[in-house]
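Please keep the sequence and the structure in view while reading.

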Amino acid sequence: MYKRALSLFICLFLIASVFLPYDSAVYAEEPEISVKTEAVYASNTAYTGPYVNVGAVTLPLADHMPGTYFTRNGKGCTCHYSTDCIANGSACNCMRYYPTGNKATCEIDLLGVQCFGFARLVFYKCFGFIDHSMNSSLFYNVGSLSRGAVNETSVKNLLRKAAPGAHVRLSKGHSVSILTMDDDFIVIYHANAGGDGVTANAESCVVSTRRYTWAAFAESALAGIDYIHMPYNYPDSSVVLTEKEKGYYRITSDDGLRLRAESNTESTILSVIPYNTIVKVTETDGFWGKTVYEGKTGWIFLEYTTFYSALVINPSGNIQRSETDGYLRAAMWRMTPDDFSQHFDKQSLVLKDASGKDLASTDFIATGTKVSLVIEGKTLDSATVCLAGDVNGNGRLDVGDYLIIRRAYFGKYTLSGVYAAAADVNGSGKVDSYDYLIIKQFFRTSQGDLFNEF
């Protein structure tokens, strides 16, 4: 009887926790998604970590350890979802004015309450200011994800651009601070998430930490990520920000982007590059890129741009650009332009057949296809496709290719240029018996790995 009652209590508690809403201080709420996570703080035990230093600040904050309340009276908020509470915090326990709870004696007005205000407090403690628009020159948005773009890989790639103390705003209406991250897990530090099991009752405004696998965190963020705020000048030099790559970038800031003399926000402003302008970045320094605009050489902050194209045609995956002849070599056939473009990350390519005619979406990429990198009407790089065995230039490996290579091997047909390169499927530098035998074997087995040396 005791066990049955205990099981019933646990079930009711779990059902209730699913419907416990997140903070609605800034955005409309969505129901919390139940995911498998691990509370870093174990109930009824002292917090043992993880800890992380951000400059001179240690997280979690000593006066807001897991299990405490982010409120004015150190207790759960009693009118958590009232309009007055969300608007200014004056009608309930929710903390807006830190640390006294009163505007006249506060250290800082967080301009927000509940989980949103707590994330701002963590940001303020780490970096000396709140991430409000009045301080827009001091911080930036690492990026965002729309609802349909959220998955384990996209979330991990985005958040790993940030660092401890960053404010992550989830589209479902919840704010968290990053505590630690590695290849397998992210640990967050937040308030008003039901306590993560820290307290017996899932009261409002409980401070807690929680460790997620990247897959679990992605599931909790399925509604999207609105932003991830980071300071321009991160106080811990040991934290390495993701290096940007060289290439062409499009300016995305509506007001344009400042071109500065050096790669920091304190240097002289040389010019303002208008919105939607494409610039060439020839050197990078962390999140900064060196470029030339209207004859002036300077640096721009690349988080207010989108990567538009590489400097040269640069394939990936199963397509390789030969260092000897410059051909784009592949042992793949029946590729449409869309299939082919998947191997060129954000590169502005124009595709034409061997005669110079634009390829249709249903055409096949073939030996002899011309690939050009075009930026604002200017061709900056070009290359020719070379498909293994495709010597008749139709984008397929068929009996016609077999017969041509057979004739070339016996000296009855002459191949030259890219077509001779396509016939040399074993990479020996000439069309020989091995090439003939590989093609012959392919028609018997259809094994693409016969062309590993191509």
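How many of the residues of β11 are buried? In this predicted model, 6 of the 7 residues of β11 are buried, and the strand is thus described as mostly covered.

**Strand β11 and its partners**

Strand β11 is joined to strand β6 (residues 139-141) by 3 bridges, the two running antiparallel, and to strand β7 (residues 167-170) by 4 bridges, again in the antiparallel sense.

**Helix α4**

β11 (225-231) is also among the elements against which the buried residues of helix α4 pack, together with β8 (174-181), β9 (185-191) and α5 (214-220). Within α4 (residues 152-159), the buried residues are Ser154, Val155, Leu158 and Leu159. Viewed down the helix axis, the buried residues of α4 fall within an arc of 115°, so they line one face of the helix.

**Helix α7**

In helix α7 (residues 399-409), Asp401, Tyr402, Ile404, Ile405 and Ala408 are buried. The arc that holds the buried residues of α7, seen down its axis, is 170°, so these residues too line one face of their helix. Among the elements that cover them are α8 (417-423) and α9 (433-445). Just after α7, glycine 411 takes a positive phi of about 75°.

Both helices have a capping residue at the N-terminal end, where a side-chain oxygen lies at the distance listed from a backbone nitrogen.

| Helix | Capping residue | Residue of the backbone nitrogen | Distance |
|---|---|---|---|
| α4 | asparagine 151 | threonine 153 | 3.0 Å |
| α7 | aspartate 398 | glycine 400 | 3.1 Å |

Strand β16 (residues 283-285) and strand β17 (residues 288-293) run antiparallel and are joined by 3 bridges, with aspartate 285 having tryptophan 288 as its bridge partner in β17. The hairpin that β16 and β17 form has 2 residues between the strands, and glycine 286 in the turn has a positive phi of about 65°. β17 pairs in turn with strand β18 (residues 296-301), in the antiparallel sense and over 6 bridges; here the bridge partner of lysine 290 is tryptophan 299. In the hairpin of β17 and β18, which likewise has 2 residues between its strands, glutamate 294 takes a positive phi near 50°.

Is arginine 260 buried or exposed? Arginine 260, which is found in strand β13 (residues 257-260), has a relative accessible area of 9% and is therefore buried, the cut-off being under 20%. Leaving aside neighbours within four places in sequence, the residues in contact with arginine 260 include Trp288, Gly298 and Trp299, as well as Glu266 and Leu270.

Notes: Residues numbered from 1 in each chain as written. Predicted model: local features only at pLDDT ≥ 70, side-chain atom pairs only at ≥ 80, totals over all residues. Heavy atoms only, no water. Buried < 20%, exposed > 50% of the residue type's maximum accessible area, 1.4 Å probe, protein only. Arc of directions from axis to C-beta. Contact = heavy atoms within 4.5 Å. Polar contact = N/O pair within 3.5 Å; in protein donor to acceptor, adjacent residues only side chain to side chain. Pairing = 2+ DSSP bridges.
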